[in-house]
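Subject: Structure for your review

Dear colleague,

Please find the structure below, followed by an account of what was found in it.

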Amino acid sequence: MDLKKLRFAPTHEWALMEGDTCTVGITQFAVEQLTDVVYIELPDVGDNVFAGDSFGEIESVKAVSDLYSPVNGEVIAINTALVNDPTPVSKDPYGKGWMIKIKAEPGSKLDKMMTQEQYEKQISSGG
Amino acid sequence: MALRTVLHDWHVAHGARMVDFAGWDMPVQYTSIVEEHTAVRSAAGLFDISHMGRLSFGGDGALPLIQRIFTNNAATMKDMQVRYGLVCNDQGGIRDDVLVYRWPYGWAMVVNASNREKIVAWINESKASFDVQMQDQTLETCMVAVQGPKAIELCRGITEADAGDLGYYFATPSRYRGQPCVVSRTGYTGEDGLEIMVGNTLGVALWEELIARGIKPCGLGARDTLRLEAAMPLYGHELSEEIDPFQAGLAWAVKLDKGEFRGRDALRKLRDDPTRRQRVGLALQGKRIAREGAKVLADGKEIGIVSSGTFGPTLNKSIAMAYVDPNHRAVGSECVIDIRGKQEAAKVVALPFYKRES
């Protein structure tokens, strides 16, 4: 995965827009902060999600965190493998650890999200 | 500013994630809670527990004073013995859970970090005219725990005394690099192991020597998952001023016939009152974690509340301890737990969740 193609949320999700399909996961930094992920809850295919709203949750031994959608749209695919075993999220967060694919509302753009460079700046200034 | 143990700078230099715990800046994990947890269950782990309060007592009034504030019986302890018990308020609520040490020359008590100042004040208030000299040694000393099936073997020769020669819940004064220390066959993980107390000046040397022997440093995160699997109560979760020892399943640590002590009259009444909620273990069907404060329901009604919960790495299961109404406490009783608005199936299981093979 070329991280330059991704856009990043301050809440540590990444998003990749290809046509009107938006793929969402969480960042390497988020994975390192969470460690010990035990459970991921994802929406069902067909559910509507909204930009800035929670679409699921990720639970580690320490804490539970919401997962936030970057766009409005309809869930068209979920990574069902993660529900039984969340390991791919920790091992390969930008690849096999993807979480959901959203058919984004027409006109959706990720231009309010951060570039890789901006995101790395956020992390190095304290997360 | 947060208090720091003598090992604080070592933790930070070695990448520990630090959190505030009871006013102390403590390591929650170095690598991963699960990795550290597993090291303790399979080999040995090392914990900085210098934040725990260490009080020592001298004088003829030490035993009478301890008897006055301790629910267990200190008078029947042998020299070098360690005994668990509670300090209760006059209503029978738990002010702290503590370990009492009997030495040939005096007594000591290890109390929770979060309760140290409260207990010191309680002791001063309770000591009346007893001839006692109490010293709070917490800030001058360092305390580490080595826990796990290989703990005793890996610590052989570190101190003059060998923990392997101590019975479980016995301790001995000894020496480390020529300086006085205490070695105690105690712990808070459900494994065999020992705890060592030494003056601050040798704290880092001892810590590094233990690590050089292959003992893995572990943070408070793993300490919590380990004690939870072993169903050991944690003050502020399973224990509080509003909970009494009978509810908490700690009747064995209350000796009502040992003589007068603070809280005894209230405890005598509470012992015979079966209406209060009781501590139970819950095993969840799914993997989500029921954390403190989650409501426990049966037939749509609230019957209890979770006091702590985690994902038990050894059991590979989501577990919790909760206080539930007495008619729902039986092992096998089914319930649901409201986790952030969604109901998760659970059932009451026997405690502890995990017990080591002996």
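In this predicted model, helix H2 (residues 33-42) of chain B lies across strands E3 (45-48), E9 and E13 of chain B, and runs at about 125° to E13(B). Helices (H or I, at least four residues) and strands (E, at least two) are DSSP runs numbered from the N terminus; axes are lines fitted to C-alpha atoms, for helices over the stretch in contact (heavy atoms within 4.5 Å), with angles from 0 to 180 degrees between N-to-C directions.

The open sheet of chain B has six strands in the order E10-E11-E12-E9-E3-E13, with mixed pairing; two strands pair if DSSP finds at least two bridges between them. Strands E10 (171-176) and E13 (216-218) of chain B are its edges, and the twist averages 30° from one strand to the next. Strands E9 (residues 141-147) and E12 (residues 193-199) of chain B run antiparallel, joined by seven bridges.

Between the chains, 15 residues of chain A are in contact with 16 residues of chain B. Five salt bridges (a side-chain nitrogen of Lys or Arg within 4 Å of a carboxyl oxygen of Asp or Glu) are counted between chain A and chain B. One of them links Glu59(A) to Arg291(B), with the closest N and O atoms 2.9 Å apart.

Residues are numbered from 1 along each chain as its sequence is written, and chains are lettered from A and ligands numbered from 1 in the order in which they are written. Local features need pLDDT of at least 70 and side-chain atom pairs pLDDT 80 or more, totals for chains, interfaces and linings use all residues, and side-chain values use heavy atoms, leaving out hydrogens and water.

Yours sincerely
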